Amino acid sequence: MSEPTCRPIAMGRTLELCLKPYLERTDAHASAARAVLALAEAAAAISGLVALGPLAGALGQATGGANADGDEQKQLDVQANDAVLAALTKTSTAYYASEEEDAILTLDPAGDLAVAVDPLDGSSNIDANVSIGTIFSILPAAPEGASASFFAPGRRQIAAGYVIYGPHTALVVSLGDGVELFVLDPADRSFKQARSGLAIPATTREYAINASNYRHWTAPVRLFIDDCIAGADGPRGRDFNMRWVASLVAETHRIFSRGGVFLYPGDRRPGYESGRLRLLYEAAPIAFLAEQAGGAASDGLQPILDKVPTTLHERTPLIFGSSEKVARLVSYHTDPAFERSQSPLFDQRGLFRA
Ligand SMILES: O=P(O)(O)OC[C@H]1O[C@](O)(COP(=O)(O)O)[C@@H](O)[C@@H]1O
Ligand SMILES: [Mg+2]
Ligand SMILES: [Mg+2]
């Protein structure tokens, strides 16, 4: 597998220094850069809690409440949301949308940004000491108000990123000119640049999906995974590897490190017709980063960044990563010839073979 290509960088420059060209602008990019700094500050605080684990309290314990999507809220979900909200209050964020808030909050009515956040991604992994994260999407505040700001195509994002709380804490961010990687230096709790111009290799032999849902999948997804599992003995004629962490940030970080394709498709379980991931604060920011890194993101039929949410916590099927694999999966979903592959002459399909 080829190494991601990176532009040479001056190692260790602080996040603030790297954002300077944006901070000096006079448009919404300057506000977005300030919001990224604020989010990084919140992330450093969350990282401190995560590092303490059980010493910081029962972080993975249910609060007894549920978020608007019906997920049980964990202590850390709530604490992370509080930290992010407090940090954004000091920026020119007009509107705040969060997985952990039922409705949009208005912070600074004169602000020029709308920020959507998954404060704690991968909540089921909190107690397991497995990587978890924070995902954010920064949009311009629309003159029409809060709903119009968020119910817009993901392509309108000014910036997007995520923080992964893993063996080290890393921030991966884009303000629309490539993807940068920063690592939290525990010595001074500041994020320092580690890589620039992250690129997702165009092809891969690694896929990520929760295979326990196999029986619920639709035919195109089954076909793709069947072919991967058949490996060298199947129509693809080569072996594939599988990973599933159950933290979107961790899968994303791996894909940025060495390529891969991630799938959380819609399936036949009640409530999972559009999968599990939320368009506004999970799929859209990850899609923005993926495209910025030369990868792709689709719901199987259309690019994620072309989709317009109509509700705050709307779900979407998500396929993203190496562009060739995403294109292949889209063709499985959209090519009429696929229908033929459902016939008893199934093994004669040649169209989808590598
Ligand atoms: O448990 P499942 O169905 O495999 O779902 C795992 C997915 O759910 C998520 O945990 C959803 O995010 P939250 O933890 O923010 O609700 C993703 O990070 C992950 O990809
Ligand atoms: Mg999440
Ligand atoms: Mg979450």
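1. In this predicted model, α2 passes α3 in a crossing that is right-handed. The contact is formed on the α2 side by Ala35, Ala38, Leu39, Glu41, Ala42, Ala45, Ile46 and Leu49, and on the α3 side by Leu76, Gln79, Ala80, Ala83, Val84, Ala87 and Leu88. Sorted by class, the residues of this contact of α2 with α3 comprise 13 nonpolar, one polar and one charged.

2. As to the geometry of this pair, the axes of α2 and helix α3, the latter spanning residues 75-89, come within 8 Å and cross at roughly 150°. An angle over 145 degrees counts as roughly antiparallel, and α2 is therefore roughly antiparallel to α3.

3. Helix α2, which covers residues 28-52, also packs with helix α1, residues 15-23, at an angle of about 160° and with the two axes 8 Å apart. The helices α1 and α2 are therefore roughly antiparallel to each other. The crossing in which α1 passes α2 is left-handed, whereas that of α2 with α3 is right-handed.

4. The residues that make the contact between α1 and α2 are, from α1, Leu15, Glu16, Leu19, Tyr22 and Leu23, and, from α2, His29, Ala30, Ala32, Ala33, Arg34, Val36, Leu37 and Ala40. By class, this contact of α1 with α2 holds ten nonpolar residues, one polar residue and two charged residues.

5. A further helix pair is formed by α5, residues 219-230, and α8, residues 323-334, which pack at an angle of about 135° with their axes 8 Å apart.

6. Where α5 and α8 meet, Pro220, Leu223 and Phe224 of α5 are in contact with Leu329, Tyr332 and His333 of α8. The class count for this contact of α5 with α8 is five nonpolar residues and one polar residue, with no charged residues.

7. On the scale of the whole protein, the domain assignment gives domain 1, residues 15-196, and domain 2, residues 206-348. The C-alpha centres of domain 1 and domain 2 lie 25 Å apart, and the contact between the domains involves 36 residues of domain 1 and 30 residues of domain 2.

8. On the side of domain 1 that touches domain 2, the elements giving two or more residues are β5 (113-121), β6 (132-140), β7 (159-165) and β8 (169-174). Of these, β6 provides the largest share, with five residues. The class division on this side of domain 1 is 19 nonpolar, twelve polar and five charged residues.

9. The last point concerns ligand 1, whose shell draws at least three residues from each of domain 1 and domain 2. There are 13 residues around ligand 1, and those that come nearest are Asp121, Ser123, Asn210, Ala246 and Leu248. By class, the shell around ligand 1 consists of three nonpolar, five polar and five charged residues, while the side of domain 1 that touches domain 2 has 19 nonpolar, twelve polar and five charged residues.

Technical notes
Residues are numbered from 1 along each chain as its sequence is written. Chains are lettered from A and ligands numbered from 1 in the order in which they are written. This is a predicted model: local features need pLDDT of at least 70, side-chain atom pairs count only at pLDDT 80 or more; totals for chains, interfaces and linings use all residues. A residue is near a molecule or strand if its C-beta atom, placed from the backbone, lies within 6 Å of it. Ala, Val, Leu, Ile, Met, Phe, Trp, Tyr, Cys and Pro count as nonpolar, Asp, Glu, Lys and Arg as charged, and the others, Gly among them, as polar. Domain bounds come from an automatic or database domain assignment. Axes are lines fitted to C-alpha atoms, for helices over the stretch in contact, and angles run from 0 to 180 degrees between N-to-C directions. Helices (H or I, at least four residues) and strands (E, at least two) are DSSP runs, numbered from the N terminus. Two residues are in contact if their C-beta atoms, placed from the backbone, lie within 7 Å. Angles under 35 degrees count as roughly parallel, over 145 as roughly antiparallel, 65 to 115 as roughly perpendicular and the rest as oblique. A crossing is left-handed if the near helix is turned anticlockwise from the far one by less than a right angle, and right-handed if clockwise.
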